[in-house]
Amino acid sequence: MKKIMIFIINIYQKTLSPDHGWFSVRYPGGFCKYYPDCSEYCKQAIDKKGVVKGVALGAWRILRCNPWSQGGEDPVD
Amino acid sequence: MNNFLTQILFIPIYNLLMFFVWLLPGNSLALAIIAVTIILRVALLPSSIKASKSQLELQKLQPEMNEIRSKYKGDQKKQSEEMMRLYKEHKVSPFGSCLPLIIQLIVLVIFYRVIMIGFNADHFNLLYSFMPHPGSINLNFFGINMAKPDLWILPILAGVLQFVQTKMIPQPPMQKKSNDPMAMMNKQMIYFFPLITVFIARSLPAGLAIYWSITSIFMIFQQWYINSHFGLGFFGRFPEVAASRLPEYTLESEANVNGTEKASEKLKAKTEIQSEIKKERARGVEITVRKRK
């Protein structure tokens, strides 16, 4: 399950992701206001914390990645 | 979980849509979709304008960023620290947010479901009690049925509008030798993506093609405003940048390899970098190495 989730995120990152994929050329400084960016954060969270907690953490991160938040460094710990 | 999502996402948007069906003349579903789309885009407007502006500011800093990337290559932590310092110095930072991207997708899915469950009266029980009852719903829009796929007019319109919109997004100054695979891919995607849009829109109900088209039209006006704000013209052309300021992509370039000591050193460094990248890729980490002369 974990591997499947990470595989899906990898596919997203290789294709549609504005931070890693085809469109990353347009965003030299990165798209996402957080570091690591949302998809990378989800990947690391799922890898480190397991699927259930990882997905929850990832969802929470995406909710925080909204126009009213500050962004900045926010690693999975 | 499914029920929860239905309660917090599906039903509110269904109600909003039905409210506009009631409000707008002719009980037209198409007009209601257009209204909801515009409301969504207006709600996202301040943040997306701010994000586009910060993106353009960042593109001006690209040479400095490339310097940092090549200086601390392989050290992600130090790299990001230096980037943060650079951002602070120039008072810019990436301001893209991932949530709006996902919201757009969710709205698309919800519109799809709303159109799919149909518009017969038995779904009016999903309406909140304080909502006015639209009575009947008119699916016809200039002779096109919103609930059935439209094969030509709307999909092609959506594709063309999307092409114009992507074309308007300013491209950062390219590398001198344009063999960065990412940049090439990006170039192809400008043409490829609208085509995909046309084919997907052909297989979905016409109402979704309307959503797509209106979103694109809105984005075109937004990008137009931003481009003129930065004096880039309608199609967002960057002013010419001195060649020395352009980032260079040296991995593929076979520049003056002569067999001198320096050249072999260069070659060694190159293979080292490449094996490093392979290792990083195996670990699932992507890095881009750029080098300045």
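This is a predicted model: local features need pLDDT of at least 70, side-chain atom pairs count only at pLDDT 80 or more; totals for chains, interfaces and linings use all residues.
Let me start with chain B. Chain B has nine helices and two strands. Along the sequence, the order is α-α-α-α-α-β-β-α-α-α-α. The chain runs to 293 residues, and 44% of them count as buried. Now the contacts. Take those in chain B between residues at least 6 apart in sequence: 76% of them join residues at least 24 apart.

Next, one helix pair. Look at α2, residues 29–60, and α3, residues 62–71, both in chain B. Their axes come within 5 Å and cross at roughly 65 degrees. Who makes that contact? From α2(B), it is B:Leu58, B:Gln59 and B:Lys60. From α3(B), it is B:Gln62, B:Pro63, B:Glu64 and B:Met65. By class, that gives three nonpolar, two polar and two charged residues.

Stay with α3(B). Seven of its ten residues are buried, so this helix is largely enclosed by the rest of the structure. The buried ones are B:Gln62, B:Pro63, B:Met65, B:Asn66, B:Ile68, B:Arg69 and B:Ser70. What do they pack against? The partners are α2 and α4 of chain B, with α4 spanning 76–90.

Now a residue further along. B:Gln222 sits in helix α8 of chain B, residues 206–229. Is B:Gln222 buried or exposed? Its relative accessible area is 7%, and the cut-off for buried is under 20%, so B:Gln222 is buried. Set aside neighbours within four places in sequence. Then B:Gln222 is in contact with B:Arg41, B:Leu45, B:Ser48 and B:Ile49.

Compare B:Ile156. This residue lies in helix α6 of chain B, residues 153–168. With a relative accessible area of 38%, B:Ile156 is partly exposed. B:Asn186 is 30 residues away along the chain. The C-alpha atoms of B:Ile156 and B:Asn186 are separated by 22 Å.

First up, B:Asn27. Its phi is near 50 degrees, a positive value in a residue other than glycine. B:Asn27 is in the loop between α1, residues 2–23, and α2 of chain B. Relative accessibility is 18%, so B:Asn27 counts as buried.

Then B:Phe142. Here too phi is positive, about 50 degrees, and B:Phe142 is not a glycine. B:Phe142 is in the loop between β1, residues 140–141, and β2, residues 144–145, of chain B. Buried or exposed? At 77% relative accessibility, B:Phe142 counts as exposed.

Last, the interface. Chain A brings 28 residues to the contact, and chain B brings 35. How much area is buried between chain A and chain B? About 2800 Å², with carbon and sulfur atoms giving 65%. On the chain A side, A:Trp22, A:Arg26 and A:Pro28 lose the most area to chain B. Together they account for 28% of what that side buries.

Two residue pairs are in polar contact, both at pLDDT 80 or more. Which elements of chain A supply residues to the side that touches chain B? At least two residues each come from α2 (38–49), α3 (51–64) and β2 (72–73) of chain A. That side of chain A divides into 15 nonpolar, eight polar and five charged residues.

That is the tour. I'll stop there.

How values were computed: Residues are numbered from 1 along each chain as its sequence is written. Chains are lettered from A and ligands numbered from 1 in the order in which they are written. Side-chain values use heavy atoms; hydrogens and water are left out. Contact means heavy atoms within 4.5 Å. Buried area is the accessible area (1.4 Å probe) that two parts lose on being put together, summed over both. A polar contact is a pair of N or O atoms within 3.5 Å; within protein, one must be able to donate a hydrogen and the other to accept it, and residues adjacent in sequence count only if both atoms are side-chain atoms. Helices (H or I, at least four residues) and strands (E, at least two) are DSSP runs, numbered from the N terminus. Ala, Val, Leu, Ile, Met, Phe, Trp, Tyr, Cys and Pro count as nonpolar, Asp, Glu, Lys and Arg as charged, and the others, Gly among them, as polar. Axes are lines fitted to C-alpha atoms, for helices over the stretch in contact, and angles run from 0 to 180 degrees between N-to-C directions. Buried means under 20% relative accessible area, exposed over 50%, partly exposed in between (1.4 Å probe, protein chains only).
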